[in-house]
Amino acid sequence: MTTIRVRLTLIYSGLFLLTSVVLLVTVNLLLRQALKTRVARLPRGAMARQPQVPHLPELVNDVINYQWEMTTFTVGILTLVSLAVGWLIAGRILRPIHRITATAQRLSLSTLHERIALTGPKGELKELADTFDAMLDRLERSVEGQRRFIANASHELRTPLAVQRAAIEIGLPEDGGEIRDTLLRHNRRAENLIDALLVLAQAEHGLDNRSPVALDQAVWLVLAETGSDGVTVTGRAEPFVVDGDPVLLNRLVINLLDNAVRYNHPGGTVEVTLSRGVLTVRNTGPHVPQERFGDLFEPFRRLHTTPGQGAGLGLSIVAAIAKAHGADVRANPNPGGGLELVVVFAGSEDASPAGGTAE
């Protein structure tokens, strides 16, 4: 693919070559005509008295041929020089464009404070840079407003639910029957939904701060804390370090394992593997139609409508967290039913040799 710099260089050199050729042809033709005209005006017997002087028409042709050779050589050299000069000039002209591009590629939600701040006289490129900076100002204000909204919503939504749960637990006796259990179950479900929405919003807004996270330790911790519910869970994790957010990465592993256990059948199995930066969770369970795979990572999309199976945010949170960490998520069907969910992390450091297996 030809770059703009190459095209500008070729345009500069092409225009120079075109004008040089036109000038060369014009000057040589005019010179030939002028010499022939002057020779025609000389007295016919003037050269007969000087036999040692070459015949004038031959002398004129020699001069013109020499003129063609020298000017052609000079134009060739100058064309090469024009290519080098055009390349340098095009690079200088496009330098602001490269600066704008580098800033755009470097930007993320944690670097929205950066600006191009292009200096120099007013022109099309400075106007473009100023417009880009103004857009970043608006985007930064919008992101800050959303972050404040998430923080306020977290406080305003969690507090009433916590008060409600305390009132139910204190106000209703334990032998209150199904009413107390139903209220507590719905209260707990609302709290989980709010937590999931806040985690999803945080993941979709990107990462403000990154730090080295031992992903294998997060896998072992989640495996130790996850209830099996009649499902056999096995795990194998090689030491692996990811540059990211420890809370979000822990939530990614929790959601993957919770999804594998929740959507399973009694006596089923779940296999968790972390090897060379690839986290794989396989489970047995119901068959997933191929046409429904596109809904797996969409919010509030549930493939099964069994009561108590969650709000359909688990895998969408996984996808958002993986994207924030530059990872790729994909799902594959298992031959006997169930899913294989794979998260591939990129740009991370491999720690030391492999760990063991736990069950």
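Guide: Below are some notes on the fold and on one helix pair.

Visitor: What should I know before reading the values?
Guide: This is a predicted model: local features need pLDDT of at least 70, side-chain atom pairs count only at pLDDT 80 or more, and totals for chains, interfaces and linings use all residues. Residues are numbered from 1 along each chain as its sequence is written, and side-chain values use heavy atoms, without hydrogens and water.

Visitor: How many helices and strands?
Guide: The chain has 7 helices and 9 strands. These are DSSP runs numbered from the N terminus: H or I of at least four residues for helices, E of at least two for strands.

Visitor: How much of the chain is buried?
Guide: 33% of its 359 residues. Buried means under 20% relative accessible area with a 1.4 Å probe, protein chains only.

Visitor: Now α6. How far does it reach?
Guide: Its 17 residues reach 24 Å from first C-alpha to last, close to the 24 Å expected at 1.5 Å a residue. The expected span is 1.5 Å times one less than the number of residues.

Visitor: What sits at the start of α6?
Guide: A side-chain oxygen of Asp-245 comes within 2.9 Å of the backbone nitrogen of Val-247.

Visitor: And how do α6 and α7 cross?
Guide: The axes of α6 (residues 246–262) and α7 (residues 314–324) come within 9 Å and cross at roughly 145°. Axes are lines fitted to C-alpha atoms over the stretch in contact, with angles from 0 to 180 degrees between N-to-C directions.

Visitor: Which residues make the contact?
Guide: Among them are Leu-252 and Leu-256 of α6, and Ile-317 and Ile-321 of α7. Contact means heavy atoms within 4.5 Å. Leu-252 and Leu-256 are also buried.

Note on methods
Buried < 20%, exposed > 50% of the residue type's maximum accessible area, 1.4 Å probe, protein only. Polar contact = N/O pair within 3.5 Å; in protein donor to acceptor, adjacent residues only side chain to side chain.
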